[in-house]
Amino acid sequence: MNMPSQATETFQKKDNLFLHPWEDVQNLGKNRRTVISASDGIYVSDTDGNQLLDGPAGMWCVNIGHRRQEMADAIAGQVMQMTYASPWSLTSEPAAVLAEKLSELSPGDLNHVFYTTCGSTAVDSALRFVMFRNNVLGQPQKKQVISRTNAYHGSTYLSASASGKSQDKTYLDTLDRTFHHIADPNLMDRPAGMSLAEYCRDRVEALENKIREIGADKVAAFIAEPILASGGVLLAPQGYHSACLEVCRNHDIVYISDEVVTGFGRLGHFFASEAVFDIVPDIITCAKGITSGYVPLGAFLVSDRLLKSIDARDPQVVFSNGFTYSGHPVACAAALKNIEIMENENLMEHVRTIAPYFQEQLSTLTDLPVVTDVRGCGLMACVECHLDGKGNRSLDRDYKIGNLIDKHCQSLGLLVRPIINMCVMSPPLVINTRQIDELVSKLRQGIERAMQEAKSGEA
Ligand SMILES: Cc1ncc(COP(=O)(O)O)c(C=O)c1O
């Protein structure tokens, strides 16, 4: 591994003025982040020429891989054709064509799209839409939202309130009187002796009980990721989502499926809600893979059923929510090209074909004493590590093993960036079997080195 050059150190110093997401304010100025300066396919490289396999595909987003000439041409072409038009009173060809394409790709009657700038604003706008609709329908008391304890839905006030992880809320305000969190479906938590069917029923009952506690007439929405992504790739037992949807329908509660991560190929389909989980929700939120991270874009898709229920009331009703960059023509042109590439290269089929190999190879890591679980679906997986195996657990020791794995994997040429102690792997969808072997082999070596360093430090 090449050591940091003077140029790298200069960038790192300037970078201290950039307040990053989840900035450690106590240690402001002391961070020395790797400066990524080039990328190609499933690899990125830093300013010192070190090449790294992009294990998380950026932030679960670079689905078609880095540095695609067609994307550069589409983006530059749109800039030169027409840079921007206000989405309030005007529209553009890419925004209109993309709306039709998304409506074709989405399940059931989710035929209308509201464009946003990212996943957080997609969730935020979806929640605002649900509350707006209830106001229009004369149900202003129906505003409570149910989510899950390990959910991540974003960083705006509403989407952060929908998110569940308590460590992300320290020193931050959230709308705790509106948002309620129930236990996640997490197969690792299934009590011994409880069948999968019983466990599923138990978790669905958590939703029913919460609705009963709040009062069905007060609950506006249930929001759920098909697979809890940042929570650690937590998979629900089969039938969980459809049973939750049925509960929601019985109580006139809007089901929002947050597909910011699972959408656009991660699970081998443009949208996973129906294709993988057998549900047609009322709203789907998406972002990230919609442009494969080349430019920012988010959206929520909403059912005709919800929209029509508003139509019937008052022709003067206006949903006063939107962004300067809603339906930005350059972002929409990028999304259209991204979808075209996915279709032309049969990327959905590729993911469905290669995913079993990806999951099998990662599962071989369970022979390492610190690896306590490997789980996943499609090209989305989590290798969970605990320094003391299945024994003692503490957050400090979880951070320690995660940081060591991160350091060693990076020196071996693999980007991991664990979520505490969880190595979440979601590589670009174009990955092949040889590259999966490379990823797993480097991860194995990185974990082994981390184990050794932790042991020698404690000896
Ligand atoms: C499921 C889910 N929803 C929403 C978001 C927020 O998306 P963004 O970071 O684009 O605002 C994320 C981000 O990781 C996510 O994983």
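## Cavity, ligand site and cysteines

The largest cavity holds about 40 Å³ of space, a volume being the space filled by probe spheres set on grid points that are joined across faces, edges and corners. This is a predicted model, in which local features need pLDDT of at least 70 and side-chain atom pairs count only at pLDDT 80 or more, while totals for chains, interfaces and linings use all residues. Residues are numbered from 1 along each chain as its sequence is written, and side-chain values use heavy atoms, with hydrogens and water left out.

Across the whole structure, the search finds one cavity of 30 Å³ or more, where a cavity is a set of points, on a 1 Å grid over the protein atoms alone, at which a 1.4 Å probe fits but cannot get out, and lining residues have an atom within 4 Å of a point. The lining of the largest cavity is made up of D15, N16, F18, H20, E23, L28, G29, N31 and R33, which divide into two nonpolar, four polar and three charged residues.

Around the ligand stand C118, G119, S120, Y152, H153, G154, E225, D258, V260, V261 and K288, each with a heavy atom within 4 Å of the ligand. By class, this shell has four nonpolar, four polar and three charged residues. On the nitrogen side, a ligand nitrogen atom is 2.7 Å from an N or O atom in the side chain of D258. Taken alone, the ligand exposes 390 Å², of which the protein buries 86%, the areas coming from the Shrake-Rupley method with a 1.4 Å probe.

The cysteines remain to be considered. The whole structure contains zero disulfides, a disulfide being a pair of cysteine sulfur atoms within 2.5 Å. For C118, the nearest cysteine sulfur is that of C286, 12 Å away, and for C248 it is that of C244, 6.7 Å away. C118 counts as partly exposed because its relative accessibility is 30%, whereas C248 counts as buried because its value is 0%; buried means under 20% relative accessible area, exposed over 50%, and partly exposed in between, with a 1.4 Å probe and protein chains only.

How values were computed. A polar contact is a pair of N or O atoms within 3.5 Å; within protein, one must be able to donate a hydrogen and the other to accept it, and residues adjacent in sequence count only if both atoms are side-chain atoms. Ala, Val, Leu, Ile, Met, Phe, Trp, Tyr, Cys and Pro count as nonpolar, Asp, Glu, Lys and Arg as charged, and the others, Gly among them, as polar. On a 1 Å grid over the protein atoms alone, a cavity is a set of points where a 1.4 Å probe fits but cannot get out, and a pocket is an open set with protein on both sides within 12 Å along at least five of seven lines; lining residues have an atom within 4 Å of a point.
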